[in-house]
Amino acid sequence: MKKRGLAMGIAVVLGCMSLTGCGGSSNETKNGETAETTMSGSEAKEEGEIELTMMGGAHLVSVAEIVLRDYLTEHPNVKINFEKYSYAEYPTKMKLQLSNDESTPDIMIVHDLYAPQFAKAGYLVDMSDMFTEGEVLPVMDPVTMEGKVYGIPNQVTNQYVFMYRQDIYDELGLTAPKTFDDYFNQAVMLKENGYYAGAFDPADSGCNEVFQNFIYMLGGQVLDSEGNVSLDKGKEALELMKKCYDAGIWHTSQQGNSEAYWTAFNAGKIAAFPSVAAHAAYYVTNVDPNGQGGYGHLAIAEPMKFAENGRETYINNTEYYTINKNTEHLETAKDVVRYLALTKEAAEKFSNVNEDGVMAQYATGCMEGIRAIAASRDNGWEAFGGEPVVSELAEILLNTDPDIPFVDERSNEMNNVLSEIIGEMFLNGAYTPETAVEVMKQKLNDI
């Protein structure tokens, strides 16, 4: 996917919607080069000198390295080697070492689309005994297998939300929509006043994102929990998309990922932009403060309900801390993960990382931490009028019932198939919503 002016890691889960941004940062270690950290303080659980390796996408590992500084100060006998790879590299590197029964990496940060594969292969430690019900946001499906849990979530504030221009909505007497019908009716009014209520380019390789957003918010799924092609609610999703497209309420560009979109946005043409929360960071880095794009007037709200039995929201993707079953330091590895994923202290640090060229602001899956971040109302974003976006996203998590729809390692190839068929439907009239879904199923089952 195309990205313009994207400052890696500046806010929320920047760039992680497409999973291309999670592997890079301004202090990325090249070609798997190891950054070592040794601190002083009190003892860890295991006696003697202990050396662990943490591996994952470079930006996420860099953030964890900063958050762990105090922990390592208190555990002087623990040294962690932080191995940082691009998103494209890390899964292959991990699989090579795990499949060879190597004892390292001890701790891994694994995206949801790879976690099921690693769990099925028997590479991971069962972490079910590390937390109790209610301690972690219940988004464990990607790492749960046969009643056992093989990971604990890292960032979770990448849920589907509604973003909009507060100034334009106030001028027209509008409030954030509660239902899809509200949204559509508002969009028609916005169009009559010279604005768009979103963006969608059926010729763009990322056009499948809107389709999948609609499926999930309607309560459907692309893959079922066993990884079988489902496309439940696919026909309904395409029908709603066609209704919006035919009504001309969307700007014909790919939201957040094209020059055309930001040109229109900074000209003040786009007043509503429902999307996953990662896009909030795009506005911090791409909105022109001197343009007409509403700099200082952007707002975030809970998403509208697409259907009575649809989702309130969903999490677009996340990563999980996992532990190698062959680690030689299981208790210490668990202790490190417990600190990162299950403590309020670490959660609050993750919500505001900005040092050594590494920037990130997000909530972890720790419920105590999510509640603390929601209550803090800290770290306002200038583009959003000084509103504390991460706190608002954490509050939405508490007010809704998000899940993570099942994905696996086929996802990138599947996205290409979906985009191709959607383009043929909207641009060439090759399919109806019903026939498009049937062709999608056939082609996805061939992957």
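## A covered helix

Helix α1 (residues 58-67) is mostly covered, with 10 of its 10 residues buried (under 20% relative accessible area, using a 1.4 Å probe and protein chains only). Among them are His-59, Ser-62 and Glu-65. Leu-60, Val-61 and Ile-66 are buried in α1 too.

Helices here are DSSP runs of H or I with at least four residues, strands are runs of E with at least two, and both are numbered from the N terminus.

## The model

This is a predicted model: local features need pLDDT of at least 70, side-chain atom pairs count only at pLDDT 80 or more, and totals for chains, interfaces and linings use all residues. Residues are numbered from 1 along each chain as its sequence is written, and side-chain values use heavy atoms, without hydrogens or water.

## Two packed helices

Helix α6 (residues 180-192) packs against helix α8 (residues 234-247) at an angle of about 10 degrees, and their axes lie 11 Å apart. The axes are lines fitted to C-alpha atoms over the stretch in contact, with angles from 0 to 180 degrees between N-to-C directions. The two helices are therefore roughly parallel (angles under 35 degrees).

In α6, Phe-180, Tyr-183, Phe-184 and Lys-191 meet Leu-240, Lys-243, Cys-244 and Ala-247 of α8 (heavy atoms within 4.5 Å).

## A three-stranded sheet

An open sheet of 3 strands runs in the order β11-β8-β12, with antiparallel pairing. Strands β11 (275-276) and β12 (298-301) are at the edges; each has a single partner strand, so one side of each lacks a neighbour in the sheet. Pairing requires at least two DSSP bridges.

Strand β8 (residues 160-165) pairs with β12 over 4 bridges. Arg-165 has Leu-298 in β12 as its bridge partner.

Definitions and conventions: Angles under 35 degrees count as roughly parallel, over 145 as roughly antiparallel, 65 to 115 as roughly perpendicular and the rest as oblique. Buried means under 20% relative accessible area, exposed over 50%, partly exposed in between (1.4 Å probe, protein chains only).
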